[in-house]
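Biologist: I would like to learn how to read a model like this one. Could you walk me through it, feature by feature?

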Amino acid sequence: MCVCGVVRTCGFITREEYRYSAVVLRARFEKNRNELDMRKAKELLRLGEDELFKGNHTHPIKFPESPGGVAYERYVQSPDWTLDYWHPAEKAAYPDYFARREARKTEYIEFWNKQYGGPDAGKKTDDHH
């Protein structure tokens, strides 16, 4: 069911029908724009949510990689910190990569400490508390 009340069986709507429905919906919003009575506003919201629910398709289109899609999070990228838990024998298979990685980690820690201060930057000198 469209916003304007036209029943659709195939789900196809032309641009003109869509635009007409959008204008009718905008007019309905504008009619209740300055509603100050919260009870009436809450009832209007409930009616709008009910209309939205009734207008939903029974089998909505979901893109494969979108949440709810068949391929959502199929290929999960593991976080970088998991490489820190590799066994030294596993790391020995890729010595150049892990040597460069350790150097970059050291550079990043130095950058962080320079930019935001080290781990002791926020501590007070007196032991009041």
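Predicted model: local features only at pLDDT ≥ 70, side-chain atom pairs only at ≥ 80, totals over all residues.

Biologist: What percentage of the residues in the chain are buried?

Modeller: Of the 129 residues, 5% are buried. The chain exposes about 12,500 Å², and carbon and sulfur atoms supply 58% of that area.

Biologist: How should I read aromatic pairs, and how many does the structure hold?

Modeller: The general idea is that a pair of aromatic rings is described by the distance of the centres and the angle of the planes. Here the structure holds seven aromatic pairs. W81 counts as exposed because its relative accessibility is 52%, and the cut-off is over 50%. Y85 is exposed as well, at 67%.

Biologist: And what kind of pair do W86 and F98 form?

Modeller: That pair is tilted, with centres 5.3 Å apart and planes at 50 degrees. W86 sits in the loop between α2 (38-55) and α3 (88-91), while F98 belongs to helix α4, so the pair ties together parts 12 residues apart in sequence. W86 is partly exposed, with a relative accessible area of 31%, whereas F98 is buried at 7%. Both residues also belong to one aromatic cluster, together with Y94 and Y97.

Biologist: Let's stay with helix α4. Is R101 buried or exposed?

Modeller: R101, which is found in helix α4, is buried, with a relative accessible area of 8%. A polar atom of the R101 side chain lies 2.9 Å from the backbone oxygen of D80. Leaving aside neighbours within four places in sequence, R101 is in contact with D80, W81, L83 and D84.

Biologist: Which residues form a nonpolar patch on the surface?

Modeller: Look for Y108, F111, W112 and Y116, whose accessible area together is about 490 Å². Y116 has its place in helix α4, which covers residues 95-116. With 53% relative accessibility, Y116 counts as exposed.

How values were computed:
Residues numbered from 1 in each chain as written. Heavy atoms only, no water. Patch = residues over 30% accessible without salt bridge, like charges linked within 9 Å, V, L, I, M, F, W, Y side chains within 5 Å. Areas by Shrake-Rupley, 256 points an atom, 1.4 Å probe, with all protein chains shown as cover. Salt bridge = Lys/Arg side-chain N within 4 Å of Asp/Glu carboxyl O. Helix = DSSP H or I, 4+ residues; strand = E, 2+ residues; numbered from the N terminus. Buried < 20%, exposed > 50% of the residue type's maximum accessible area, 1.4 Å probe, protein only. Polar contact = N/O pair within 3.5 Å; in protein donor to acceptor, adjacent residues only side chain to side chain. Contact = heavy atoms within 4.5 Å. Phe/Tyr/Trp six-rings, centres within 6.5 Å; stacked < 30°, edge-to-face > 60°.
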